[in-house]
Amino acid sequence: MNKALRELTLVRFREFIREPEAVFWVFIFPILLAAGLGLAFRNRPPEVLTIGAVTPELTSILRQEKLLNVEQFEHSAGQQALRTGRIALLAMPVGNTVHFRYDDTNPEGRSARMLADRAVQRNAGRVDPVPSNDQIMREAGSRYIDFLVPGLLGMNLMGSAIWGMGFGIVDARRKKLLKRLIATPMPRHYYLFSFILSRLLMLVVEVGALVGFGLLVFGVPLRGSVLAFTLLCVLGSMSFCAIGLLIASRAQTIEGASGIMNLVMMPMWILSGVFFSSQRFPDVIQPVIKALPLTALIDGLRANMLQGAGFRELAIYIAILTTWLIVSFVVALKIFRWR
């Protein structure tokens, strides 16, 4: 590696390590948040539970229960929705019997079973109750903590990349360091590339800490290709680095850059499905939500980790992240101000 680039990259690491707050927010905070929410939400079902049914007749019967939000699925699609935590229970008629498939260790699954059975028995008039039986499912990937960890990982990659890139450049511009650097024989692109290289090296520790914690403490699965998972993390981090570079291209003060960063990140924190599914928002804004880079990253990570999705299934997420990376980086370089 070129000596100038190596020294610039080492500077990025030294700046990071010397800031205890940065270390806390990048490594410790996501783990504490995952632990706290993973424990808190294991016994906190929502007021209205979403379940699935495989026939129109059964769907109609279950929708008579006001505490249930019932969606109709094909059998295989329903199994997949249950496995990934989209629904709490899947109801399937077999002859005169209704089979309920759910996770009995999940409070939402137990509550959904009780409500669904009540709706079925009420429809039968409770004179000759419809027989029902339970098919217990205990599988990692359908719990809230499994849903949460990919969301926290995406949020963390966004925050560390945008804040790390944005603050470093704006602080150097404020201190007149950029002006001094361009007076040296150093190629200008080395300075920007040192940020990207340091992010790639830090990515290994950042991702490994959170995913390793989820795996060891909660048994969060990683069912998909590790290569595809790595590509998503790298693309996501680089996309947010490009956005951070774009934000910092003209900003002259830390306060100004901070305001723009919060303005960019806050909508994605809310809309992109970090803590709950983005499907809760109205259909009219779903195309906008799906086009956000954080949504693409989180949805891709969940598909890979929980459903075992490969490169073909992840193509749309990779395309969205790549588009954000290229467009943001090209525009940032075009308008970047060294002075």
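Is Arg 86 buried or exposed? Arg 86 is exposed, with a relative accessible area of 52%. Here, buried means under 20% relative accessible area, exposed means over 50%, and partly exposed lies in between (1.4 Å probe, protein chains only).

## About the model

This is a predicted model: local features need pLDDT of at least 70, side-chain atom pairs count only at pLDDT 80 or more, and totals for chains, interfaces and linings use all residues. Residues are numbered from 1 along each chain as its sequence is written, and side-chain values use heavy atoms, with hydrogens and water left out.

## Salt bridges

Side chains of opposite charge can pair when their charged atoms come close. A salt bridge is a side-chain nitrogen of Lys or Arg within 4 Å of a carboxyl oxygen of Asp or Glu. The structure holds five of them.

Helices (H or I, at least four residues) and strands (E, at least two) are DSSP runs, numbered from the N terminus. Arg 122 is partly exposed at 39% relative accessibility, whereas Glu 65 is buried at 5%.

Glu 71 lies in strand E2 and Arg 86 in the loop between helix H4 (75–83) and strand E3 (89–94), so the pair ties together parts that are 15 residues apart in sequence. Glu 71 is partly exposed, at 22%.

Lys 290 and Asp 299 also meet in a salt bridge, at 3.5 Å from N to O. Lys 290 is partly exposed at 33%; Asp 299 is buried at 16%. Elsewhere, salt bridges that share partners join Glu 65, Arg 118 and Arg 122 into one network.

## Helix H10

Helix H10 (residues 254–271) has 18 residues. Its first and last C-alpha atoms are 26 Å apart, close to the 26 Å expected. The expected span is 1.5 Å times one less than the number of residues.

H10 has a kink of about 25 degrees at Met 265, shortly before Pro 267. The bend is the angle between axes fitted to the seven residues ending at a residue and the seven starting there. Met 265 is one of the buried residues of H10; Ala 257 and Leu 271 are also among them. After H10 comes Gly 273, with a positive phi near 80 degrees.
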